[in-house]
Every structure is written in structure tokens, then in C-alpha cells.
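The entries follow the order in which I looked things up.

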Amino acid sequence: LGHEMEKASSTTIIHGPGVQRGLVAVHLRILAAIALFYLASNVPLLVFTEVAIKLGGSLQSASLLLSLRSVLAFLTVPLFGSLSDQYGRKQVMLVSVLAFGVCELLLATTPSFRVFAVVRVLEGATGGLLPAAQAFLGDITPAADLPGRLALAGAMLGIGIVAGLPIGGAVAASYGIRAPVMAAALLAFGSAAVVLSLPQPNKRPGSQPKQQFSSPRDTLVHAFRSLWTVYRKPQITALLNTRLSHEAAMAVVNQTFNEALRIVFGLDAARRSLCATCIGVAFLTAQVGLTRVVKLVGSAERT
């Protein structure tokens with residue numbers, strides 16, 4: 001994977017006067033787009049169950065919708081790398097963020113639980129921003145700097161979680177239970193505006209062209225074939241399975257924790273978001289600490 005990442009990062013770069021300043025500006029805009037998107041994703045996170053119940057659903061149906069959304073997200077994530085190769089990084093990022101914003105807008109305004117349910121599940125197929133943004137960073141970043149840029153992109157996810165939950169709770173307490181969903185739509189459209197301002201990365205002279213496909217069907221086949229090829233490698237399979245298990249466990253724990261605070265303790269969205277934020281800060285602190293420990297252990301082994 002490291003070899004492929006280095007190879008990808010050496011194929012394309014943005015050229016022009018003031019290239020270093022231009023690259024920094026592009027990096028900052030990509031990170032801003034990621035931060036806004038994940039802020040939008042987390043602002044309404046704690047109110048979706050209440051919105052579903054208000055529209056005539058139940059706790060069980062809301063949990064089922066979350067599960068189906070997660071399954072669809074897992075199935076569609078492999079597509080975005082091939083789609084960004086075929087149609088461009090910026091295009092995939094823009095379409096994904098706009099689709100997410102439209103979904104949030106529908107979720108905030110629909111009076112029908114059926115429409116809410118369908119849109120909530122389909123929203124799982126709008127997660128193309130991060131894969132395409134990481135590929136974009138790989139296109140314009142020197143290989144030596146790429147791990148640091150990808151780490152910053154990952155940090156934007158943490159910022160979205162830590163900042164989004166209290167913002168959502170405060171908005172719900174002040175303006176109503178569906179207001180955070182509308183706020184998420186506005187934040188998503190703000191992320192789309194940032195993506196729209198990004199340039200197209202130019203290919204370095206002599207670089208190999210990206211693989212092109214004759215039809216959308218070929219793109220789909222290539223994406224899932226690549227996923228299957230990766231899964232056949234034992235080392236990568238173990239890492240991916242661990243990551244997927246972690247994500248599934250975290251989703252279950254977060255949902256259970258949120259509903260326990262709501263049903264058992266009767267906490268409103270603002271108080272629940274404060275509790276979730278404290279846990280998120282503790283989790284990120286532990287993650288940073290573990291990352292440093294891993295680096296120290298790796299340095300000690302090399303020496």
C-alpha cells in the first residue's frame with residue numbers, strides 16, 4: 001500500500017508560479033471541505049431517532065435505518081476510487097457533498113416517515129468525499145509529505161465529531177429537534193462551495209494516464225474487483241477486518257449510549273451531546289497517545 005501511495009503521489013502535481021503557496025492553499029481548502037462535511041455529518045447525529053419517532057417511526061425502525069445506511073455506505077465506498085479515476089477527484093467530491101446536502105435537506109423538511117426512511121438509507125451512498133479527497137492529496141503531495149497530509153485529513157474527522165455534537169445539541173435546544181438536520185444541509189453546501197473552488201490537478205509531463213473505462217458497468221466491475229484483490233491479501237485483510245469490526249462496534253456503542261441517555265435518564269439533545277463530546281475528546285486523546293507510542297516503538301525497533 002505504501003508503494004502504491006508513493007507511486008500515485010509521483011504521477012500528478014499542480015504546476016505554475018508560486019507552486020508552493022498554491023499547494024498549501026489547495027491543501028487547506030481540501031482540509032476545510034473535509035472538516036465542514038464531517039461537521040455536517042455529526043451535527044444532526046443525536047436527533048435522527050427522535051425525528052423518526054416524531055414522524056411515526058419507532059426506536060427499532062430508526063435503528064434498522066441506521067444499519068441499512070451503514071451497509072450501503074460499506075458497499076459503495078469501493079466505488080469512489082474508481083469513479084474519481086474515471087471522472088476526476090473534484091467532480092466526485094462535489095457530487096458526493098451536494099448529494100449529502102440534498103439528503104439532509106429532505107430529511108429536515110419531509111413530513112412523511114416513508115420518505116425519511118428511504119432518504120436516510122440512501123444517504124449512505126454519499127460518502128465519496130474522503131476517498132476522493134485523499135486521492136486528490138495523493139495527486140498533488142510529494143511522497144515524503146503525504147503521510148502528514150493524510151493524518152491531517154484524519155484529524156478533520158475528529159474535529160467534526162468533537163465540534164459537531166455540541167453544536168447539534170445547542171441548535172436542537174434553541175430551535176427545535178429538526179433544526180440540526182437543516183444546519184447539516186447548510187454546512188454540506190458550504191463544503192460544496194469549498195470543493196467548487198478547488199483547481200483540477202494537472203498531470204506531470206511523462207506521467208501515465210489514469211485508467212479509463214468504456215462504461216459505468218466497467219467502472220463498477222473494476223471497483224469491486226479491486227476490493228476483492230485487496231481482500232485476498234492476508235495482511236491487508238486482517239487490518240481491514242479489524243477496522244470494519246471497530247467501526248461496527250463503535251456504531252452500536254454510540255447508538256446504545258445515546259438512546260440510554262435519552263430513554264433511561266431523560267436527557268435532552270444538548271446534554272446528550274455534551275456527554276458524547278466528553279467521550280469523543282477522551283477517545284481522540286487516547287488515539288493520539290497510542291499513535292505516539294506506536295511511533296516510539298517503531299523507532300526503537302529500527303534502531
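My notes begin with the basis of the model and then turn to the helix pair and the salt bridges.

I worked from a predicted model, in which local features need pLDDT of at least 70, side-chain atom pairs count only at pLDDT 80 or more, and totals for chains, interfaces and linings use all residues. Residues are numbered from 1 along each chain as its sequence is written, and side-chain values use heavy atoms, without hydrogens and water.

**Helix pair.** I looked up helix 5 (residues 89-109) and helix 6 (residues 113-122), whose axes lie 9 Å apart at an angle of about 155°. Helix 5 is therefore roughly antiparallel to helix 6 (an angle over 145 degrees). Cys103, Leu106 and Leu107 of helix 5 meet Phe116, Val119 and Arg120 of helix 6 (contact: heavy atoms within 4.5 Å).

**Salt bridges.** I found 6 salt bridges in the structure (a side-chain nitrogen of Lys or Arg within 4 Å of a carboxyl oxygen of Asp or Glu). Glu50 and Arg272 form one of them, at 2.6 Å, N to O. Glu50 belongs to helix 3 (residues 48-54) and Arg272 to helix 12 (residues 269-302), 222 residues apart. Arg272 is buried at a relative accessible area of 2%, whereas Glu50 is partly exposed at 23% (buried is under 20%, exposed over 50%, partly exposed in between, with a 1.4 Å probe and protein chains only).

I also noted Arg89 with Asp139, at 2.7 Å between the closest N and O atoms. Arg89 lies in helix 5 and Asp139 in helix 7, so this pair ties together parts 50 residues apart in sequence. Arg89 is buried at 8%, and Asp139 is buried at 2%.

Methods
Axes are lines fitted to C-alpha atoms, for helices over the stretch in contact, and angles run from 0 to 180 degrees between N-to-C directions. Helices (H or I, at least four residues) and strands (E, at least two) are DSSP runs, numbered from the N terminus. Angles under 35 degrees count as roughly parallel, over 145 as roughly antiparallel, 65 to 115 as roughly perpendicular and the rest as oblique.
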